[in-house]
Amino acid sequence: MTTKKRTFWNLFILFELIFIIKAGLSLLLDGPFIFSDESCVIQRAIYFINNFKFETCENLTTLPSGDPQPLYSILISPIYYFTYGITAYKIATILNSLLIASLVFPLYGICKKFIKNTKYIFLIIIVTLFLSQIMAYEKTVMTESLFVVINIWLLHFYLKSFSKKRKTKIVNKLLAVILSILATLTRPFGFIVPVALAVNEIAVAKNKKKTLLFFLPFAIILTFLALFILLDHIINSIFIKINFLSILENWKYIFIALKNQINSFSIATALIPIIVFFTYINKKDSPHLKNIKYFLITLIFLNFAISAQHQFGYYIKNMDPVLITRYINLSIILIIFFSLIFLKRYKKFSFNKTNISIIILLLVSLFFFKDIAVKHSLNLDLSFFYESRTHLFGEDLVESKKILGTVFFPITFILFVLLVANKRKILIATLISIFIILSIHSTIWVINYAVNSEFIDFFEKKETDISFIVKNERINNLNKMFQLYATTKNKLYLILVDHKENGENINTLNIEEFENSKHFQKSEYAITEYEIPDLTKLYKIGDQYIYKIE
């Protein structure tokens, strides 16, 4: 057997083993975790497979939710043609496992361009595919996994496109462009991928002016498409932020958002990979690195900027997520992946203007870090540092274990000493151990947290209309309603009432307050925290009642 064939079969065996492990973990899931977005993804998938057209979540449900890009919903839609509920959910996460496991092939191709040690390459592949940034989100029916898969395959083809063979060059560059377009259909900020691709093409081109003129029409078309798709959202967001910044005091939140986003990168990567990445990304000894460095840098910085503006948006709502890693998980994965390559390829660390500036920036940001509760749905990969359960379920908050100061910072200091002392084997082994611990913990956290509610047990075999009646501006247990909506065939409607609480009837709701609602009139059941004397009470789950509407 030739070396090439042996390598292929070794990779295929690794692919199978990774898929089996990941699929097995998916079978342990009982239900959705990031409920609102997942319910939207699932409802769009169901609507698409039954109607072969797209529909916004706003038109599919009265429950408030985001509106993810459609590609992932299209991908999983056949699953919901044959089955539904928890079974469909588990199959969708198993599909995620298959997609992620397929990355053994492009990751090997990328690594081989920079290092030759096959055993170490296999180690990098395993560590990368079991990073908490991948493990946590592949267990959700979300767009994150597909976005990571598309971009790593894109990077593989793009590297191959710099071949001297004309046919290989054209085919692989075309595949990279197609995947960059698919990235825009996967996540709302997916447009940063073709932008990064265009920037890199211009940067490495011998005739920059000609290349710029070539990409200009595509940039204009992409901009108009983005504006057409997101126009209302963009205009509304811009006006809200301009109005917020009209108060001089609020400008501080721009710097707070940037600081917190830097800290999100630092804590998620254990800091050292960032220093390693930016120390060696400009090395001139590798033509392969030279061919993609502007793509990587542009992608990471645009990703940082997009996530920082999301963070800024929370301050407008008078909320403080503190950290956000969910929107930068691709950048975190790329930084860790390439840092492990660089640590093997380059044996000596030396200070320069770039890494000194990076170190100062990272340390200053961490100095002002607040170790308080964070939004867990935005930071699943950091679960090791936070309590396993939320203290305010509806507000999506998890309390800090207060161990960042006693665990993260001392370990980071030790890692830095190992880096400067060029103790590469110990440094690599320590980093890998940290990533494995974080991954195991975040996986267990997601599996333990994604537990079916009793609402699903009650409505699982029904296919009817349900009204969820709550007081206006006080929506409790909404995540459980998203979970119910995502895992059963029932239609769920949100009915807000302006209930006046007074006297002894503080928890009593009169039917006159909502009986004219068109959603209530066609519903067979109602769920609410209030006593409704005119309806037949069937069951109580927590502080919520289930009523039969006659």
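This is a predicted model: local features need pLDDT of at least 70, side-chain atom pairs count only at pLDDT 80 or more; totals for chains, interfaces and linings use all residues.
What is the volume of the second largest pocket? The volume is about 500 Å³.

**Stop 1**

Select Gln43, Ile46, Asn50, Lys489 and Lys491, which are the closest to the pocket's centre of the 24 residues that line the second largest pocket. Next, colour the elements that give two or more residues to this lining: helix 2 (35-51), helix 3 (57-60), helix 4 (71-82), helix 21 (478-487) and strand 5 (491-497). Helix 2 supplies the largest share of the lining, six residues. If the lining is coloured by residue class, 12 residues are nonpolar, nine are polar and three are charged.

**Stop 2**

Remain at helix 2 and select cysteine 40, then select cysteine 57 in helix 3; the two are 17 residues apart, and the pair links distant parts of the chain. A search of the whole structure finds one disulfide. Viewed along its S-S bond, the link of cysteine 40 and cysteine 57 shows 90° about that bond and is right-handed. Are these two cysteines buried or exposed? Both cysteine 40 and cysteine 57 are buried.

A further cysteine may be selected here. Cysteine 111 has a relative accessible area of 0%, and is therefore buried.

**Stop 3: asparagine 151**

Which backbone atom lies 2.7 Å from a polar atom of the side chain of asparagine 151? It is the backbone oxygen of phenylalanine 147. Then display Ala183, Val193 and Leu330, with which asparagine 151 is in contact when its neighbours within four places in sequence are left aside.

**Stop 4: the loop between helix 13 and helix 14**

Finally, select alanine 270, in the loop between helix 13 (252-269) and helix 14 (272-280). Leucine 271 is also placed in the loop between helix 13 and helix 14. Most residues other than glycine have a negative phi. Alanine 270, however, has a positive phi, near 65°, and the phi of leucine 271 is likewise positive, near 70°.

Technical notes
Residues are numbered from 1 along each chain as its sequence is written. Side-chain values use heavy atoms; hydrogens and water are left out. On a 1 Å grid over the protein atoms alone, a cavity is a set of points where a 1.4 Å probe fits but cannot get out, and a pocket is an open set with protein on both sides within 12 Å along at least five of seven lines; lining residues have an atom within 4 Å of a point. Grid points are joined across faces, edges and corners, and a volume is the space filled by probe spheres set on the points. Helices (H or I, at least four residues) and strands (E, at least two) are DSSP runs, numbered from the N terminus. Ala, Val, Leu, Ile, Met, Phe, Trp, Tyr, Cys and Pro count as nonpolar, Asp, Glu, Lys and Arg as charged, and the others, Gly among them, as polar. A polar contact is a pair of N or O atoms within 3.5 Å; within protein, one must be able to donate a hydrogen and the other to accept it, and residues adjacent in sequence count only if both atoms are side-chain atoms. Contact means heavy atoms within 4.5 Å. A disulfide is a pair of cysteine sulfur atoms within 2.5 Å. Buried means under 20% relative accessible area, exposed over 50%, partly exposed in between (1.4 Å probe, protein chains only).
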